[in-house]
Each structure stands twice: as structure tokens, then as C-alpha cells.
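Colleague: I would like a close look at one part of this model, followed by how the rest is arranged around that part. Please keep the terms simple.

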Amino acid sequence: MTKVLTVEDLTISFGTGDSELTVVHKVNFTLEAGKTLALVGESGSGKSVTSLGIMRLLSPSQSRVQGKIVLHSDEDIDLLSLSESRMRRLRGDRIAMIFQEPLTSLNPVYTIGDQIIEAIRSHRRMSKRNARQRAIELIDQVGIPDAEHRLGTYPHELSGGMRQRIMIAIALALEPDILIADEPTTALDVTVQAQILELLNRLQEETGMAMLFITHDFGVVADIADRTIVMYAGEMVEEGSTETVLERPLMPYTSGLMRAVP
Ligand code: ADP
Ligand code: MG
């Protein structure tokens with residue numbers, strides 16, 4: 001196994017003094033290349049804050065992030081002590097992220113082609129022409145037909161599932177070691193959800209990236225995750241292989257989540 005990220009005692013709070021509120025408490029896990037870890041929990045359990053903390057996307061004036069986040073590559077990189085400029089480079093390079101609603105992540109006034117090409121060129125030096133060619137390959141890779149023609153379309157011209165595919169193409173443009181997916185299928189209907197999960201599985205096989213897959217919906221973890229962590233009120237209440245968590249949940253809370261209709 002190749003470890004790509006280690007999170008140790010990650011603790012995140014908002015506010016200061018008397019009004020300080022801890023919303024993530026001593027979260028521990030490792031991500032391995034080619035494997036998917038699911039973070040599952042009810043709304044408000046601290047899943048998104050955990051991922052934003054890892055990406056260092058929480059405002060330092062409003063939040064406190066403690067613990068250790070180490071990215072393993074040729075050398076170990078301690079993300080919490082990295083300068084903002086190095087962190088920014090690393091975010092556009094090693095760790096990519098996709099969210100629930102691609103319409104708010106895509107810029108409505110730029111074409112799909114321009115947005116993918118920009119992502120490619122922010123990551124590596126490439127002529128416009130080669131980047132355009134690469135964009136066509138990426139659109140094709142995420143399963144959108146007629147890739148060349150899509151370059152000139154705008155986000156609103158695509159369905160929700162297609163937009164999520166484009167967000168995945170933009171994430172792949174960075175050739176990330178790690179993809180953090182925060183409820184990427186929650187806004188989609190069930191058939192499209194299944195297609196996106198299938199796509200993510202295929203891309204993981206092709207690229208060997210590690211995935212952190214966040215969801216409140218236990219229904220999807222069996223299809224995507226090797227291991228599963230259950231979160232409740234900012235704490236990890238359960239962890240194990242997805243099979244074990246699904247078959248032998250330790251907590252009534254977990255069984256409740258499994259029964260909940262999303
Ligand atoms: P979820 O598991 O649904 O993704 P979140 O991680 O978004 O939950 O939120 C965890 C808790 O942290 C919630 O109680 C939320 O209200 C709180 N929270 C999230 N962001 C902030 C913020 N910027 N300032 C203060 N509290 C926040
Ligand atoms: Mg969330």
C-alpha cells in the first residue's frame with residue numbers, strides 16, 4: 001500500500017474565547033493510492049469542514065485547525081505549516097476537489113473549453129493548441145460524447161450530470177494524487193448518480209488516485225468506498241472496511257443512517 005495522506009488528531013474550531021465551538025474533534029485516517037475512503041454522517045456532522053481543513057480553505061482569522069495533515073510524496077509535506085503560496089500551488093497540483101453543485105463551481109459566462117484549458121494551463125506549461133487537444137481528451141475520458149463540439153458550450157447548456165462530469169474533467173486536468181469529492185452525487189437523480197460513481201471508479205483505476213468521498217447517503221458507499229468512516233457531531237464514531245461497517249454497524253446511529261432515505 002502507498003500512503004498518500006495522513007490525518008492525525010485533526011481538530012477544527014470556529015470562533016474565539018467563550019464562543020469557540022469545536023466542530024471536528026480528533027479525526028484520524030490515512031488515504032492510500034488507488035483506494036477510496038468514504039466519510040459518512042448526517043448533515044452538520046463535520047464532513048465538509050474536515051475536507052476544507054485539509055485543503056486549508058478555512059479562514060485562519062475565523063477558525064483554528066489543529067493536529068497533523070501530512071501529504072506523502074518524495075518527501076513528507078506537513079500541510080498545516082506550509083506557507084500560503086506553497087499551499088496554493090499544491091492545491092492546484094496534487095489535491096483536487098469536486099463539490100455537490102457544479103453550477104456554482106463552473107463560471108457561467110465562460111465556455112466549458114475555456115475552463116478546462118485554463119485548469120490545464122494553470123497546472124503545467126502547455127501551448128494553447130496542445131491544451132485544447134488535452135481538453136478534448138479529458139471531455140472524452142469523462143464519458144461526454146462529441147467532445148470537440150462541447151468545448152464551445154456554456155455550463156447552462158448541459159444537464160446536471162454532464163456538469164458534474166465537466167467538474168471531474170477539470171479536477172483530472174490537475175492530474176491529482178488525491179481527489180476530494182464532497183457530496184458529488186447528492187444533487188443528481190439516482191440513475192445519473194450511479195453513472196457518476198461508475199465514472200469515478202473507472203478513473204481511479206486508470207489514474208491510481210486516492211479518493212476521499214464525502215456523503216450523507218449510505219446508499220452510495222458500497223459502490224465506491226473501500227473503507228468507511230462514520231461521523232457524528234464532529235467525531236469518528238465508526239471506522240472499518242466498508243463491508244464490515246455495512247454488515248456489522250456498531251452504533252444505532254449508523255444503522256439509522258443506513259435506513260434513512262436521503
Ligand atoms: P456536513 O457534515 O454537513 O458537511 P459541516 O462540516 O458543513 O457539516 O459543518 C459542521 C458544523 O460546523 C456545523 O454545525 C456547521 O454549522 C458548522 N460550521 C461550518 N462552517 C462554519 C463556519 N464557517 N463558521 C462556523 N461554523 C461553521
Ligand atoms: Mg457538507
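What is the order of the strands in the open sheet of six strands?

Modeller: Before the answer, a note on the source: this is a predicted model, in which local features need pLDDT of at least 70 and side-chain atom pairs count only at pLDDT 80 or more, while totals for chains, interfaces and linings use all residues. Residues are numbered from 1 along each chain as its sequence is written, and chains are lettered from A and ligands numbered from 1 in the order in which they are written.

The order of the six strands is β6-β7-β8-β3-β9-β10, and the pairing is mixed. Strands (E, at least two residues) and helices (H or I, at least four residues) are DSSP runs, numbered from the N terminus. Two strands pair if DSSP finds at least two bridges between them. At the edges stand β6 and β10 (235–241), each with a single partner strand, so one side of each has no neighbour in the sheet. On average, neighbouring strands of this sheet are turned by 15° against each other, direction ignored. Angles here run from 0 to 180 degrees between N-to-C directions, and the axes are lines fitted to C-alpha atoms, for helices over the stretch in contact.

A residue is buried if 20 or more other C-beta atoms lie within 10 Å of its own, exposed if 12 or fewer, and partly exposed in between, with C-beta atoms placed from the backbone. Strand β6 runs parallel to β7 (residues 178–182), and four bridges join the two. Across this pair, M97 has I180 as its bridge partner in β7.

The next step is from β7 to β8 (residues 210–215), a parallel pairing over five bridges. L179 has M211 as its bridge partner in β8, and D182 stands opposite I214. Helix α1 packs on the sheet and touches β3 (36–41), β7, β8 and β9 (227–232); the direction of α1 makes about 150° with that of β8. Two residues are in contact if their C-beta atoms, placed from the backbone, lie within 7 Å.

Helix α1 (residues 47–54) also gives three residues, the largest share, to the shell around ligand 1. The residues around ligand 1 are F14, V23, G41, S43, G44, S45, G46, K47, S48 and V49. For this shell, a residue is near if its C-beta atom, placed from the backbone, lies within 6 Å. By type, three of the shell residues are nonpolar, six are polar and one is charged. Ala, Val, Leu, Ile, Met, Phe, Trp, Tyr, Cys and Pro count as nonpolar, Asp, Glu, Lys and Arg as charged, and the others, Gly among them, as polar.

Strand β1 (residues 3–14) and β4 (residues 63–72) run antiparallel and are joined by eight bridges. They belong to an open sheet of four strands in the order β2-β1-β4-β5, with antiparallel pairing. Its edges are β2 (21–32) and β5 (76–78), each with a single partner strand, so one side of each is left without a neighbour. The twist from one strand to the next averages 5°.

The largest nonpolar core has 66 residues, and A38, I116, A169, A171 and A173 have the most contacts inside it. Helix α7 (residues 160–173) gives the most to this core, with nine residues. Such a core is a set of buried Ala, Val, Leu, Ile, Met, Phe, Trp, Tyr and Cys residues joined through C-beta atoms within 7 Å. Neighbours within four places in sequence aside, I116 is in contact with A135, L138, A169, I170 and A173.

Finally, back to the end of β7. E183 lies in the loop between β7 and α8 (190–207) and has a positive phi of about 50° although it is not a glycine. Most residues other than glycine have a negative phi. E183 is partly exposed, because 19 other C-beta atoms lie within 10 Å.
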